[in-house]
Amino acid sequence: ITNYVNLGKGRALKNGINYLLNKDQDIEGIVTCDCDGQHSVKDIKKIANKISIKNDELILGVRKFDDKKVPLKSKFGNNITKSVFKMFIGLYISDTQTGLRGMNRNLMISFLDTFGERYEYETKVLIKCKTDNIKIEEVPIETIYINNNMTSHFNPIKDSIRIYKLFTKYILASFSSFIID
């Protein structure tokens with residue numbers, strides 16, 4: 001499955017999920033992983049083995065950010081986002097930017113209409129878990145960064161702005177509901 005032009009990670013994930021749901025009516029679930037070499041086959045299998053047809057839980061492969069090989073921008077970005085998530089969304093997630101995720105068929109369908117076309121999509125999925133009471137299970141994985149993560153397409157300024165705009169909208173909506181109540 002390809003897009004003629006780069007439409008963003010969120011759009012690519014949704015196109016892939018949609019394709020699989022249409023192609024295989026019996027699909028039980030999927031594992032998504034980044035293509036920058038950060039995820040080992042062993043860890044991908046670990047996440048796949050956690051997907052359950054009965055339990056609608058988003059499975060996150062989480063890295064340790066206290067490792068010396070973690071690039072400073074990744075460590076800094078995750079720590080800020082993790083704190084914002086805990087403070088304003090009410091979710092503690094130790095690795096908010098992990099691309100290694102597992103979900104069953106029900107969640108695949110649920111996440112298809114989640115807003116977001118680029119990196120903010122994965123953040124929006126986490127917020128959806130909070131608003132829809134979807135459980136999140138964290139599974140420790142190996143921390144791998146190749147060449148200081150130079151192959152990543154994440155733009156620290158543009159993509160961070162998109163992600164933090166989501167937090168602002170969520171906070172304003174929550175505050176507005178509080179005032180109206």
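Reader: What percentage of the 181 residues in the protein is made up of buried residues?

Author: The model is predicted. A residue counts as buried when its relative accessible area is under 20%. Among the 181 residues of the protein, the buried share is 40%.

Reader: Which pattern does the protein follow when read along the sequence?

Author: The secondary structure consists of 6 helices and 4 strands. Read along the sequence, these elements give the pattern α-β-α-β-α-β-α-α-β-α.

Reader: Why is one side of strand 1 and of strand 4 left without a neighbour in the sheet?

Author: The 4 strands form an open sheet with mixed pairing, in the order 1-3-2-4. Strand 1 (29-32) and strand 4 (135-140) therefore stand at the edges, where each has a single partner strand. One side of each lacks a neighbour because of this place in the sheet: the edges.

Reader: Which residue in strand 3 does Ile 59 stand opposite?

Author: Strand 2 (residues 57-62) and strand 3 (residues 101-104) run antiparallel and are joined by 2 bridges. In strand 3, the residue opposite Ile 59 is Gly 102.

Reader: What angle does the direction of helix 4 make with that of strand 3?

Author: Helix 4 (residues 105-112) packs on the sheet and touches strand 1, strand 2 and strand 3. Between the direction of helix 4 and that of strand 3, the angle is about 105 degrees.

Notes
Residues numbered from 1 in each chain as written. Predicted model: local features only at pLDDT ≥ 70, side-chain atom pairs only at ≥ 80, totals over all residues. Heavy atoms only, no water. Buried < 20%, exposed > 50% of the residue type's maximum accessible area, 1.4 Å probe, protein only. Pairing = 2+ DSSP bridges. Contact = heavy atoms within 4.5 Å. Axes fitted to C-alpha atoms, helices over the stretch in contact; angles between N-to-C directions.
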